[in-house]
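Please view the sequence and the model together while reading.

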Amino acid sequence: MPKTKVLVIEDDRALGEVLTYNLQAAGYETIVATDGRDGLLQAETKLPDIVILDLMLPVVDGLDVCRRLRS
(Lines give C-alpha, C1' and ligand atoms only; values in the text may rest on other atoms or scores of the structure.)
Protein backbone atom coordinates (compact mmCIF):
# COMPACT_ATOMS: atom_id res chain seq x y z
CA MET A 1 0.00 0.00 0.00
CA PRO A 2 1.49 3.39 -0.98
CA LYS A 3 2.30 5.92 1.72
CA THR A 4 0.30 9.12 2.00
CA LYS A 5 2.32 12.00 0.48
CA VAL A 6 2.50 15.20 2.52
CA LEU A 7 3.83 18.42 1.03
CA VAL A 8 5.29 20.73 3.69
CA ILE A 9 5.63 24.34 2.48
CA GLU A 10 7.60 26.12 5.22
CA ASP A 11 10.35 28.74 4.94
CA ASP A 12 11.71 28.14 8.46
CA ARG A 13 14.13 25.30 7.73
CA ALA A 14 14.33 24.12 11.36
CA LEU A 15 10.55 23.86 11.63
CA GLY A 16 10.38 22.13 8.24
CA GLU A 17 12.93 19.57 9.40
CA VAL A 18 10.99 18.87 12.62
CA LEU A 19 7.74 18.46 10.70
CA THR A 20 9.42 16.19 8.14
CA TYR A 21 11.04 14.06 10.84
CA ASN A 22 7.79 13.57 12.73
CA LEU A 23 5.72 12.90 9.62
CA GLN A 24 8.22 10.32 8.35
CA ALA A 25 8.31 8.68 11.80
CA ALA A 26 4.52 8.40 11.58
CA GLY A 27 4.80 6.64 8.22
CA TYR A 28 4.16 9.47 5.76
CA GLU A 29 6.18 10.27 2.64
CA THR A 30 7.23 13.93 2.75
CA ILE A 31 8.03 16.56 0.16
CA VAL A 32 9.44 19.90 1.33
CA ALA A 33 9.36 23.34 -0.30
CA THR A 34 10.81 26.50 1.24
CA ASP A 35 8.89 29.16 -0.71
CA GLY A 36 5.50 29.53 -2.34
CA ARG A 37 6.67 29.21 -5.93
CA ASP A 38 8.52 25.96 -5.22
CA GLY A 39 5.53 24.73 -3.23
CA LEU A 40 3.24 25.25 -6.21
CA LEU A 41 5.72 23.48 -8.48
CA GLN A 42 6.04 20.53 -6.08
CA ALA A 43 2.24 20.32 -5.77
CA GLU A 44 1.83 20.21 -9.56
CA THR A 45 4.58 17.66 -10.18
CA LYS A 46 4.41 15.38 -7.11
CA LEU A 47 0.61 15.46 -6.52
CA PRO A 48 0.60 15.26 -2.70
CA ASP A 49 -2.38 13.93 -0.78
CA ILE A 50 -2.08 16.61 1.94
CA VAL A 51 -0.42 20.05 2.11
CA ILE A 52 0.85 21.71 5.29
CA LEU A 53 1.17 25.37 4.35
CA ASP A 54 2.80 28.32 6.11
CA LEU A 55 0.95 31.58 5.42
CA MET A 56 3.95 33.93 5.54
CA LEU A 57 6.20 32.66 2.73
CA PRO A 58 8.73 34.35 0.48
CA VAL A 59 8.20 34.76 -3.30
CA VAL A 60 4.48 33.77 -3.26
CA ASP A 61 2.62 34.14 0.05
CA GLY A 62 0.72 31.24 1.58
CA LEU A 63 -2.75 32.67 0.95
CA ASP A 64 -1.99 32.99 -2.76
CA VAL A 65 -0.59 29.45 -2.79
CA CYS A 66 -3.78 28.21 -1.14
CA ARG A 67 -5.97 30.03 -3.67
CA ARG A 68 -4.00 28.61 -6.59
CA LEU A 69 -4.08 25.07 -5.22
CA ARG A 70 -7.83 25.23 -4.68
CA SER A 71 -8.54 26.48 -8.21
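Which residues are buried in helix 2 (residues 36-46)? In this predicted model, they are G36, G39, L40, Q42 and A43. Seen down the axis of helix 2, these buried residues fall within an arc of 165°, so they line one face of the helix. The face turned away from that buried side carries R37, E44 and T45, which are exposed. The partners of the buried residues of helix 2 are strand 1, strand 2 and helix 3 (62-70), against which they pack.

Helix 1 covers residues 13-25 and has 13 residues. From its first C-alpha to its last, helix 1 reaches 18 Å, close to the 18 Å expected at 1.5 Å a residue. Its buried residues are G16, T20 and L23. Down the axis of helix 1, these fall within an arc of 70°, so they line one face of the helix. As a general point, an α-helix has 3.6 residues a turn, so residues three or four places apart point the same way. On the other side of helix 1, the residues E17, Y21 and A25 are exposed. The cover over the buried residues of helix 1 includes strand 1 (5-9), strand 2 (29-33) and strand 3 (50-53).

Helix 1 is followed by G27, which has a positive phi near 100°. After helix 2 comes L47, whose phi is also positive, near 50°.

D35 is found in the loop between strand 2 and helix 2. Why does D35 have no salt bridge? A salt bridge requires a side-chain nitrogen of Lys or Arg within 4 Å of a carboxyl oxygen of Asp or Glu, and the nearest side chain of opposite charge, R37, is 5.1 Å away from the buried D35. The side chain of D35 does have a polar atom 2.8 Å from the backbone nitrogen of D38. Leaving aside its neighbours within four places in sequence, D35 is in contact with I9, P58 and V59.

Definitions and conventions
Residues numbered from 1 in each chain as written. Predicted model: local features only at pLDDT ≥ 70, side-chain atom pairs only at ≥ 80, totals over all residues. Heavy atoms only, no water. Helix = DSSP H or I, 4+ residues; strand = E, 2+ residues; numbered from the N terminus. Expected span 1.5 Å × (residues − 1). Buried < 20%, exposed > 50% of the residue type's maximum accessible area, 1.4 Å probe, protein only. Arc of directions from axis to C-beta. Contact = heavy atoms within 4.5 Å. Lys, Arg positive; Asp, Glu negative; His and termini not counted. Polar contact = N/O pair within 3.5 Å; in protein donor to acceptor, adjacent residues only side chain to side chain.
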